[in-house]
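Me: I would like to learn how to read a few features of a model. Can we start with burial and go on from there?

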Amino acid sequence: MGDHKDQHLRVGAAVRRRRRDLELTLAVVSERSGLSVPFLSQIENDRARPSQTSLEKVADALRTTAVELLAAADPACSVDVVRAEEPDPELAPRVRSLVRGHHQMHASEFTGDHDAGRELQYRNDQLMFVAEGAVEIEAEGRAYRLGRGDTLYLTGGVRHRWRATVPDTRLIVVAVAEHIEAVREGPRR
């Protein structure tokens, strides 16, 4: 259960990431690959699964290989269990990732205190939920005190910092992933 090995891969996000890293438009990739813009868009949005030949054409247009694109692909499974006893070895002992892999959403659990002096700013929206304890969050020049069960929603671009005000506080942060373009166009108020 939750094992990705037997699941189909969603190559679309890998194609989109590679194209954007190269700062290419779909039209340029279309011209290079000989595939239509609508078909490439469907691939990127995982509405079409390319054949091996089409994937190789896309990979050539993106100056990579089909193998590399597949290696960077997201598993297509919709269910993955992250158990409490499975800490992420790459993260500090007081931070636990609640979502594995490269997805459209990230979620982390912070336990204990946090570097309160560190100002944070994320490209996309996020939700902060206090599972245990209490925190103080400074955002947009105001301080917000949150207790167990409280949430704070921040739109993308809001500078903020937070600190635990009670020992053993558990804060859950859920955010739209940075690689997703979920920001509003135009000036912010």
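Reply: A residue counts as buried when its relative accessible area is under 20%. The model here is predicted. Take Ser 30, which is found in helix H2: its relative accessibility is 15%, so Ser 30 counts as buried.

Me: Which residues does Ser 30 touch, leaving out those up to four places away in sequence?

Reply: Ser 30 touches Leu 35, Ser 36, Val 37 and Leu 40.

Me: Which residues of helix H2 are buried?

Reply: Helix H2 covers residues 26-33, and Val 29, Ser 30 and Ser 33 are buried in it. Viewed down the axis of H2, these buried residues fall within an arc of 105 degrees, so they line one face of the helix.

Me: What do the buried residues of H2 pack against?

Reply: They pack against helix H1 (12-21), helix H3 (37-44) and helix H4 (52-61).

Me: Now aromatic rings. How is a pair of them described?

Reply: A pair of aromatic rings is described by the distance of the centres and the angle of the planes. This structure holds 1 aromatic pair. Phe 110 and Trp 162 form it, with 5.5 Å centre to centre and 70 degrees between the planes, which is an edge-to-face arrangement.

Me: Where do Phe 110 and Trp 162 lie, and are they buried or exposed?

Reply: Phe 110 is in strand S4 and Trp 162 is in strand S9, so the pair ties together parts that are 52 residues apart in sequence. Both Phe 110 and Trp 162 are buried.

Me: Next, pockets. How much space lies in the largest pocket, and how many residues line it?

Reply: The largest pocket holds about 300 Å³ of space. Its lining has 17 residues, and Ser 108, Phe 110, Tyr 122, Gln 126 and Val 173 lie nearest the centre.

Me: Which strands supply at least two residues each of the lining of the largest pocket?

Reply: Those strands are S4 (105-111), S5 (126-132), S9 (160-164) and S10 (170-176). S4 gives the most to the lining, with 4 residues.

Me: How many residues of the lining of the largest pocket are nonpolar, polar and charged?

Reply: By class, there are 10 nonpolar, 5 polar and 2 charged residues in the lining of the largest pocket.

Terms used
Residues numbered from 1 in each chain as written. Predicted model: local features only at pLDDT ≥ 70, side-chain atom pairs only at ≥ 80, totals over all residues. Heavy atoms only, no water. 1 Å grid on protein atoms, 1.4 Å probe; cavity = no way out; pocket = protein on both sides within 12 Å on 5 of 7 lines; lining within 4 Å. Points joined across faces, edges and corners; volume = space filled by probe spheres on them. Nonpolar A, V, L, I, M, F, W, Y, C, P; charged D, E, K, R; others polar. Buried < 20%, exposed > 50% of the residue type's maximum accessible area, 1.4 Å probe, protein only. Arc of directions from axis to C-beta. Contact = heavy atoms within 4.5 Å. Phe/Tyr/Trp six-rings, centres within 6.5 Å; stacked < 30°, edge-to-face > 60°.
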